[in-house]
Amino acid sequence: MNGTKGSVEFFRFEGDFSAVAIDWLTSEVRRKMEAVPVAPRARARLFASFVEMTQNILHYAEPDGPGRRRAGAIALGRDADGYFVASRNPVRGVHAERLRHRLGRIQSMGPDEITAAYRQGLSTGPDRAADPLSRGAGLGLLSIARTSNGSLSFRLDPSRPGGGEPFTFSLRATVRAEAA
């Protein structure tokens, strides 16, 4: 998933995201990570990013119809830059614009600014007046940026030829091996 040359995935899931599926996924990821020689601090950072990304898919993936499933994909692996967590899911245009704005802002921040923004978000909670569509995703994205020391990349691509909704949202966080 948005892999780079020389990347190796040690976990991948594509399918329906529900609370039950996420419970199973977290158990599987813990089991898989025990078999991979990942230092404890890097393991904790990877797992935290994994949990945040699964929650983003659960809350923001565009369902494939009223009351229908929320599908997406998530992978963990290693490449030349370190360990990564990558996710992909469809989002509506209104969420695509919000994500583009928030992630652009986060990418322009340094590690200290990300930490400060995260702490401020914790103390004030989601600003529903400023963003009534938010379910706290800004805090989740800041959390992912913190655990990856700002090594966060994303893409928002039209899902259909010629553009239009939904968009495919791809997010990738890298945890440096030396962050261990």
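These legends walk you through several close-up views of one predicted model. In this predicted model, local features need pLDDT of at least 70 and side-chain atom pairs count only at pLDDT 80 or more, while totals for chains, interfaces and linings use all residues. Residues are numbered from 1 along each chain as its sequence is written, and side-chain values use heavy atoms, with hydrogens and water left out.

**View 1. An open sheet is built from 5 strands.** Strands (E, at least two residues) and helices (H or I, at least four) are DSSP runs, numbered from the N terminus. Follow the order β1-β2-β3-β5-β4, where the pairing is antiparallel; two strands pair if DSSP finds at least two bridges between them. At the edges lie β1 (8–16) and β4 (152–158), each pairing on one side only. From one strand to the next, the twist averages 10°; angles run from 0 to 180 degrees between N-to-C directions, and axes are lines fitted to C-alpha atoms, for helices over the stretch in contact.

**View 2. Strands β1 and β2 sit side by side as a pair.** β2 covers residues 71–79, and its antiparallel pairing with β1 runs over 8 bridges. Look for G15: its bridge partner in β2 is G72.

**View 3. Helix α2 packs on the sheet.** This helix (residues 40–60) touches β1, β2, β3 (82–91) and β5 (167–175), where contact means heavy atoms within 4.5 Å. The direction of α2 makes about 0° with that of β3.

**View 4. Helix α3 lies across β3, β4 and β5.** α3 runs at about 155° to β4. Its 15 residues (93–107) reach 21 Å from first C-alpha to last, close to the 21 Å expected; the expected span is 1.5 Å times one less than the number of residues. Among the buried residues of α3 are H95, R98, L99 and R102; buried means under 20% relative accessible area, exposed over 50%, and partly exposed in between (1.4 Å probe, protein chains only).

View 5. Rings of Phe, Tyr and Trp (its six-membered ring) pair if their centres lie within 6.5 Å; planes under 30 degrees apart count as stacked, over 60 as edge-to-face and the rest as tilted. F13 and F17 form an edge-to-face pair because their planes are at 75°, with ring centres 5.4 Å apart. F13 counts as buried at 17% relative accessibility, and F17 also counts as buried, at 4%. Ring pairs also link F11, F47 and F50 into a cluster.
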